[in-house]
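This report covers a pocket, the ring contacts and the charged pairs of the structure shown below.

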Amino acid sequence: MRILTIGASGQLGLELSGILKGEIIKVYNTKEVQGGYKLDLTNYSTVEDFIIKKRPDVIINTASLTDVDKCEVEKAETFTVNAEAVKHIVRASRVIEAYLIHISTDYVFDGERGLYNEGDLPNPINYYGLSKLLGETYALSYDDSLIVRTSGVFRHKGFPVYVYKTLKEGKEVSAFKGYYSPISARKLAEAISELIQYRKTGILNVAGERISRVDLAMKIKDKFNLSGSIKEVDYVKGWIARRPFDSSLDISKAKKVLSVDFYSLDENLHYMVV
């Protein structure tokens with residue numbers, strides 16, 4: 001099986017490279033990946049040409065601009081990567097009849113109630129969420145596609161890693177008191193690897209257990225016996241974009257589909273790279 005991973009230098013892309021079986025074609029943009037191909041996703045004709053020439057059986061699009069505040073400011077660039085590029089990946093996928101897995105986010109929801117399921121109506125409150133929702137729309141226009149919505153992916157960066165490093169230095173962590181469903185890049189990659197076998201289509205939530213960032217910080221502090229302090233805040237100083245208060249995802253459907261434990265907090269924290 002030939003599998004194309006787009007965004008191979010990202011946290012999820014790196015884990016997929018070590019887990020997936022078969023011939024892996026790795027694409028990156030800025031940070032070089034050994035054995036990979038440099039590809040600018042905003043050069044749409046080149047993207048389509050590359051995919052059609054390589055003819056992968058499966059395409060996993062993990063590429064995204066995820067800096068929420070940057071997305072709020074640089075909307076044109078955000079749209080080209082998170083939305084428009086997906087349209088062209090879909091066009092090429094359709095030509096070669098590849099199975100497409102597109103990674104999306106809990107930030108397509110407004111966070112008013114949390115535990116959103118796959119059928120709930122999205123209502124993004126920042127441009128990052130809107131751009132990802134537009135990308136979903138393009139992906140879902142292709143019958144042989146699966147949207148994997150996830151939340152707070154971490155590996156060598158992300159909130160849990162920030163908490164660990166800050167507390168280890170004896171400093172104070174400012175933790176937004178809202179809720180989400182963080183998952184390690186490793187466990188998400190394992191889940192995606194299994195999903196390829198089933199070739200499911202539509203939307204599936206694959207994320208961790210619902211937890212507040214404050215409780216997560218406390219869990220990390222206790223688990224690793226760290227010395228710093230934790231301060232609960234309504235927002236983090238310097239934020240530009242609004243954040244959903246509770247963007248946690250209902251993962252009951254994925255639990256029935258997948259055999260791997262992708263969701264338990266202790267299992268996920270085991271895969272922090274610090």
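The second largest pocket holds about 180 Å³ of space. A pocket is an open set of points on a 1 Å grid over the protein atoms alone, with protein on both sides within 12 Å along at least five of seven lines, and lining residues have an atom within 4 Å of a point. Its volume is the space filled by probe spheres set on the points, which are joined across faces, edges and corners. Of the 14 lining residues, Ile125, Phe176, Arg242, Arg243 and Pro244 are the closest to the centre of the second largest pocket. The lining comprises eight nonpolar, one polar and five charged residues (Ala, Val, Leu, Ile, Met, Phe, Trp, Tyr, Cys and Pro count as nonpolar, Asp, Glu, Lys and Arg as charged, the others, Gly among them, as polar).

The model is predicted: local features need pLDDT of at least 70 and side-chain atom pairs pLDDT 80 or more, while totals for chains, interfaces and linings use all residues. Residues are numbered from 1 along each chain as its sequence is written, and side-chain values use heavy atoms, with hydrogens and water left out.

Phe176 also belongs to a cluster in which ring pairs link it with Tyr179, Trp239 and Phe245. Nine aromatic pairs are found in the whole structure (centres of Phe, Tyr or Trp rings, the six-membered ring for Trp, within 6.5 Å; planes under 30 degrees apart are stacked, over 60 edge-to-face, the rest tilted). One of them, phenylalanine 109 with tyrosine 116, is stacked, at 4.2 Å centre to centre and 0 degrees between the planes. Both phenylalanine 109 and tyrosine 116 are buried (under 20% relative accessible area; exposed is over 50%, partly exposed in between, with a 1.4 Å probe and protein chains only).

The structure contains 17 salt bridges (a side-chain nitrogen of Lys or Arg within 4 Å of a carboxyl oxygen of Asp or Glu).

| Salt bridge | N to O distance |
|---|---|
| Arginine 91 – glutamate 48 | 2.8 Å |
| Glutamate 136 – arginine 149 | 2.7 Å |
| Lysine 171 – glutamate 169 | 3.2 Å |

Arginine 91 lies in helix H4 (residues 75–96) and glutamate 48 in helix H2 (residues 44–54), so this pair ties together parts 43 residues apart in sequence. Helices (H or I, at least four residues) and strands (E, at least two) are DSSP runs numbered from the N terminus. Arginine 91 is partly exposed at 45% relative accessible area, whereas glutamate 48 is buried at 14%. Both glutamate 136 and arginine 149 are buried.

Technical notes: On a 1 Å grid over the protein atoms alone, a cavity is a set of points where a 1.4 Å probe fits but cannot get out, and a pocket is an open set with protein on both sides within 12 Å along at least five of seven lines; lining residues have an atom within 4 Å of a point.
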